[in-house]
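Thanks for passing this one along. Here are a few friendly notes to read alongside the model.

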Amino acid sequence: DTIGELRKAYAIATVVVVGRSFGDLHGSDMMEPVALGKATLIGPRYGEFADTAEKLVSAGGSRVSSRHQIARDLAALLADPHLREDMARAGRAVIAREQGATVRHAALLAHLLLHAGASDAKLHAGAMHA
C-alpha cells in the first residue's frame, strides 16, 4: 500500500493486467499503464473508471477480459508485438485527445461565473429602477 509501486511495475511490463478489475473492488485506474505505452487488460468490473475504460476499449487502447478468458488474452498479447503496439498507440491517442480537461473545466467555470455576474447585475439594476 505505497504510492508509486505499480508505476515501476508497469514501466517494465510487456502487458499489464489491472487485477482489481477482476474482483469485487471494482477496478483501478488503467490510464497509467496505457500512458506508459503498455497493452492493458482490464476485467469486467471497472466501476468508477467506466468513462475512461469505455473510451479506451472502444478505441482499441485496452481490452476487457474475464477470469475465464484472461489466460488466452494474455497469451495472445504476449505472442503478438504488433497487437501490443497497436493497443499502445490507440491508448495514447485517447489520452492525447482527452488531455486538457482541467483547462476546459476552468474556462467553462469562468464563463459561467462571468454570465452569472452579468445576470445578477441586470437583476440588481432592474430592481433599483422599479
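1. Contact here means heavy atoms within 4.5 Å. With that cut-off, residues 24 or more positions apart account for 46% of the contacts in the chain with a separation of 6 or more. Please keep in mind that this is a predicted model.

2. On the overall layout, the secondary structure of the chain comes to six helices and three strands. Read from the N terminus, the elements follow the order α-β-α-β-α-β-α-α-α. Of the 130 residues in the chain, 27% are buried.

3. The packing of two helices deserves a look. Helix H4, covering residues 70–79, packs with helix H5, residues 81–98, at an angle of about 100 degrees, and their axes are 5 Å apart. Angles of 65 to 115 degrees count as roughly perpendicular, so H4 is roughly perpendicular to H5.

4. Which residues make that contact between the two helices? From H4 they are Ala-76, Leu-77, Leu-78 and Ala-79, and from H5 they are Pro-81, Leu-83, Arg-84 and Met-87. By class, the contact of H4 with H5 has seven nonpolar residues, one charged residue and no polar ones.

5. If you plan to look at pockets, the largest pocket has a volume of about 350 Å³. Its lining is formed by 15 residues, and those nearest the centre of the pocket are Thr-2, Leu-6, Tyr-10, Arg-20 and Ser-28. Sorted by class, the lining of the largest pocket has six charged, five nonpolar and four polar residues.

6. Which elements give two or more residues to the lining of the largest pocket? They are helix H1 (5–12) and strand S1 (15–18). H1 gives the most, with four residues.

7. Finally, a word on one residue, Ala-35. This alanine sits in helix H2, which covers residues 31–35. Is Ala-35 buried, exposed or partly exposed? The cut-offs are under 20% relative accessible area for buried and over 50% for exposed, with partly exposed in between. Ala-35 has a relative accessible area of 39%, so Ala-35 is partly exposed.

8. What does Ala-35 touch, leaving out residues up to four places away in sequence? The partners are Arg-92 and Ile-95.

Methods. Residues numbered from 1 in each chain as written. Predicted model: local features only at pLDDT ≥ 70, side-chain atom pairs only at ≥ 80, totals over all residues. Heavy atoms only, no water. Axes fitted to C-alpha atoms, helices over the stretch in contact; angles between N-to-C directions. Parallel < 35°, antiparallel > 145°, perpendicular 65-115°, else oblique. Nonpolar A, V, L, I, M, F, W, Y, C, P; charged D, E, K, R; others polar. 1 Å grid on protein atoms, 1.4 Å probe; cavity = no way out; pocket = protein on both sides within 12 Å on 5 of 7 lines; lining within 4 Å. Points joined across faces, edges and corners; volume = space filled by probe spheres on them. Buried < 20%, exposed > 50% of the residue type's maximum accessible area, 1.4 Å probe, protein only.
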